[in-house]
Structures are given as C-alpha cells and as structure tokens.
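Subject: Structure for your review

Dear colleague,

Please find the structure below, handed over for your review.

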Amino acid sequence: LTAFEESFKFSLHLQAKMSRPVQARRLEGVDQNIWLEFVKLAATHATVNLGQGFPDFPPPAFLREAFVRAVDGENHMLHQYTRAFGHPPLVKILAEFFGKLLGRELDPLNNVMVTVGAYQALFCCFQAFVDEGDEVIIIEPFFDCYEPMVKMAGGTPVFVPLRLKAPGAGKPMSSADWQLDPAELASKFSKRTKALVLNSPNNPLGKVFGRGELQLIAELCIKHDVLCISDEVYEWLVYDGKEHIRIASLPGMWERTVSISSAGKTFSATGWKVGWTVGPSRLLRHLHTVHQNSVYHCATAAQEAVAMGFRRELEHREQADSYLTHLARELQGKRDRLVRSLEAVGMTPIVPEGTYFLVADVATFASDVPEAPGSDEPFDSRFAKWMVKNKGLAAIPLSAFYSGPHKNDYSHFIRFCFAKEDATLEAANDILQKWKRERAAP
C-alpha cells in the first residue's frame, strides 16, 4: 500500500470506533447484580451451596412425564408457537384453579396471562403501569429485582421496612416478628404513589403476611387509589399451619391487584421459566401490550406440561397424594433440620413461616471475620464471602435485599436456602459441626 492508502485506511479505522455513549439512561445505576458475584464465589469455593433459591431435587414424576409426552408425543404442534398470552390448556386450568381460590369466575383469555417465569411478569407490570415520576412502595427486605425494574420504567422506589420486634420470652425468633409499622407505612403514600409491591410469603425472610397486615395494606391502597403488584410465587410453601391469604380476595382489591406466581416454585421446576399473572382484564390488557412487544411467546411444551400438572393437582388437591401438600410438609422438615444445624454452631435462626429460605443472625461471629478499615461493605456481605472461602458453605447476605441507604440496618443476617436434597443438608451439617468443634477448641 502507498503511504496515502495506509493513511486513508488508518483514518477509516479511527472513524469506525464509536466514541458516543451507548448505554441508555435507564440502565444507569442498575448494572450491578450481587448474584453474579456470589454465584461465581460459590462455584469457585463452595463445597455446599445454600445460597441460590432453587431445589437440587427433581420436579415430581408426573410433571416430568407430562413434559416427555409433550415433546415426544404425536401432537407435533406442541413444538410450534401457541397463543401469545398463554397456551389455551394452561390458561384454562389456571383460571379454574385460581378462580376457586379467589372465589370468583375467571375468564381464561382475559384474566390470566402466561409469562417467562414470574420475573417477566414483574417486568411487564412495571413497564405497563409505571411512568416517569411515579412512586412505587417496596417493603424491605425485598426480592432484589423490584428496585431496578421500577427505576428502568422511570419510577421512583419508596422503601418501607419490616422492623424486627423482640419475640416473647422463651420463644424462638420467627419471621412473624418482622412487622410493618402502620403509621410508617401510611406515611409513604402520596399523590405520586402508583403501586405497592407485596411479596408474601416474603423472600428473603419467609414471612407470611397475616390478615390484619394485608387489610392494612388494602385499606391504604384503596384510600390512595393505588395498584397492588402481588408476588406470590411461594404461595404453596407455608408451614406450621399458617395460611396464605391472597390480597386480591380482600374487599376492594381484585380490581387493583395483579397476582403473580410460577411453576418454578409450585412444581420445583425453576428452569422451565413458566409464570403467570392473574387479575382484572382492565389491568392485564396493558400487560399484554408489553408482552407482545417484548417476549411475545412462552415455550409451548413447558406450558403443556404445567397444564397437565395443574390438572392432576386439581384432581388430587384434598387427597393425601397432593404434591403441593407433600412439598410443603417435606420442606418444613428440611427447614427444621437446618435450624438445628445452625443453632449448633452458634447462629440464631429466624424460623420462617414459608418459602425456601431461612435467615440467621451471625452477630456472634464478628470476631471471626477480618476487619475491613475504610470499607463501607456491610458485615453480612464480608461474612458470607469469608464463610464460602474458609468454610466452603455458601449463603447470601441479607443486605443484598435492602436499598443502598439501608444496607447496614440489618447487616448481621445471612440467608440460607433449605430446598435441598437431604444429602446436601447433611453435607452442610458436617461443615457446621466441624466449625462448632473448631470454635470450641482452646
């Protein structure tokens, strides 16, 4: 090449490089995700991973068999697109199933929408309902995607905490001891409030909101004409005779509530990513608009299998072989087992009323973790990293479920997932027993 050609080529190369910012403003401040960091730590160091919220046991045999029939049967149309807002057999059984629970007739085509897991259902809600300047009340601690999803929609999250009350004398700490202050909650509502996000049973605490608490929330939503986005993915996982109450069933709440759930937690199949929303058509039609212009469609075969699973569960609901009843009973036993293991090493578990999760107080371990002068990283985050690196046991810091300004408010708790095989929990117990002996040694 001549000198001119070389110069021209170099000039084109410089021009080809983009110098203008490419990131949209709505992504500012929401690019960090604690799960990426802790998943990597667990993969690198953990002998036992009780961090992420997924079971390491399989879905029930009848559900797996239904999936096999869907993909290997003669109905080849199950490999093709189905109805965008939900496979007809699935929305039909969901309408029948949840209609009984809500005490109302549900139209499968207008009161139910299938999504790619509950995660996409949440995204659709925030995109459909939240405008620039709208405020969304989020109860802390909260599932971590709520805050960035509100911000990406242009809204402003407004946080109200569950405050830990001292349990009665001689009673173990319970997720029921984390309570809303009625006056504090009321103070968060304003003319800019568009929605409140409710998560019951709550991740990470395992709190199951009682009727009185739900009535308080409902009264405020009605008074201020506010929507309720109700994340109920752990609705079947409640223990010790507790009752999951659907806020949409309370007077005046059906017309302003979108209820969200998923097959992932219902049938122990988190990787299938089949979720749904239930609500009035005047709300769901806006979710349709977001859904049809983003994901558009969910996996047909997985929807078919989930429909068969619900059909089977509806037929067996009041019988001894109901999977949902069996799963809750089995997980309650796993919860109790982990409680005993954590108590043995000196942690103070907060016994959950529901979900996959158990939060434990690790304040007594402060001297075990090296100091971090000048660091604003919460203690629970440093402890969780130290524990996975030095003990091979992975958990998630509770501060991950708080907004930035509040991350140090309850920074001596960590979250464990007990939805694991007995062998996994036994391996965790072995680590904790060894740790107990090490702490007792002179």
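Throughout these notes, helices (H or I, at least four residues) and strands (E, at least two) are DSSP runs, numbered from the N terminus. The model is a predicted one, in which local features need pLDDT of at least 70 and side-chain atom pairs count only at pLDDT 80 or more, while totals for chains, interfaces and linings use all residues. Residues are numbered from 1 along each chain as its sequence is written, and side-chain values use heavy atoms, with hydrogens and water left out.

Domains and their interface

The domain assignment of the protein chain gives domain 1 (32-59 + 322-436) and domain 2 (61-316); such bounds come from an automatic or database domain assignment. The contact between them (heavy atoms within 4.5 Å) takes 37 residues from domain 1 and 45 residues from domain 2. Taken over C-alpha atoms, the centres of the two domains are 25 Å apart.

The size of an interface is often given as the accessible area lost when the parts come together. Here, buried area is the accessible area (1.4 Å probe) that two parts lose on being put together, summed over both. Domain 1 and domain 2 bury about 3,500 Å² between them, with 59% of it on carbon and sulfur atoms. On the side of domain 1, Pro59, Leu324 and Glu353 lose the most area to domain 2, together 23% of what that side buries.

There are 2 salt bridges between domain 1 and domain 2, a salt bridge being a side-chain nitrogen of Lys or Arg within 4 Å of a carboxyl oxygen of Asp or Glu. Arg335 forms a salt bridge with Asp240, and their closest N and O atoms are 2.8 Å apart. Asp240 is found in the loop between strand S8 (227-231) and strand S9 (257-262). Although Asp240 is not a glycine, its phi is positive, at about 55 degrees.

Pockets

Grid points are joined across faces, edges and corners, and a volume is the space filled by probe spheres set on the points.

The largest pocket holds about 690 Å³ of space. Its lining has 27 residues, of which Gln32, Asn33, Ile34, Asp144 and Lys407 are the closest to its centre. Helix H2 (34-45), helix H5 (117-129), helix H6 (146-152) and helix H13 (379-390) each supply at least two lining residues, and H6 provides the largest share, 5 residues. By class, the lining of the largest pocket has 14 nonpolar, 5 polar and 8 charged residues. In this scheme Ala, Val, Leu, Ile, Met, Phe, Trp, Tyr, Cys and Pro count as nonpolar, Asp, Glu, Lys and Arg as charged, and the others, Gly among them, as polar. The largest pocket lies between domain 1 and domain 2, because both give residues to its lining.

The second largest pocket has a volume of about 600 Å³. Of its 24 lining residues, Gly53, Tyr119, Phe143, Lys265 and Lys273 lie nearest its centre. H5 and helix H9 (263-266) each supply at least two residues of this lining, with H5 giving the most, 4 residues. The lining of the second largest pocket comprises 10 nonpolar, 9 polar and 5 charged residues. Both domains give residues to the lining of the second largest pocket, so this pocket too lies between them.

Cavities

The count comes to 3 cavities of 30 Å³ or more. The volume of the largest cavity is about 60 Å³. Among the residues that line the largest cavity are Phe98, Glu232, Arg246 and Trp276. S9 gives the largest share of this lining, 3 residues.

Local backbone features

A cis peptide bond joins Glu140 and Pro141, with omega at about -5 degrees; Pro141 is placed in the loop between strand S3 (135-140) and H6. Another cis peptide bond joins Ser200 and Pro201, with omega at about -5 degrees. Pro201 is in the loop between strand S7 (193-199) and helix H8 (211-223).

With kind regards

Methods:
On a 1 Å grid over the protein atoms alone, a cavity is a set of points where a 1.4 Å probe fits but cannot get out, and a pocket is an open set with protein on both sides within 12 Å along at least five of seven lines; lining residues have an atom within 4 Å of a point.
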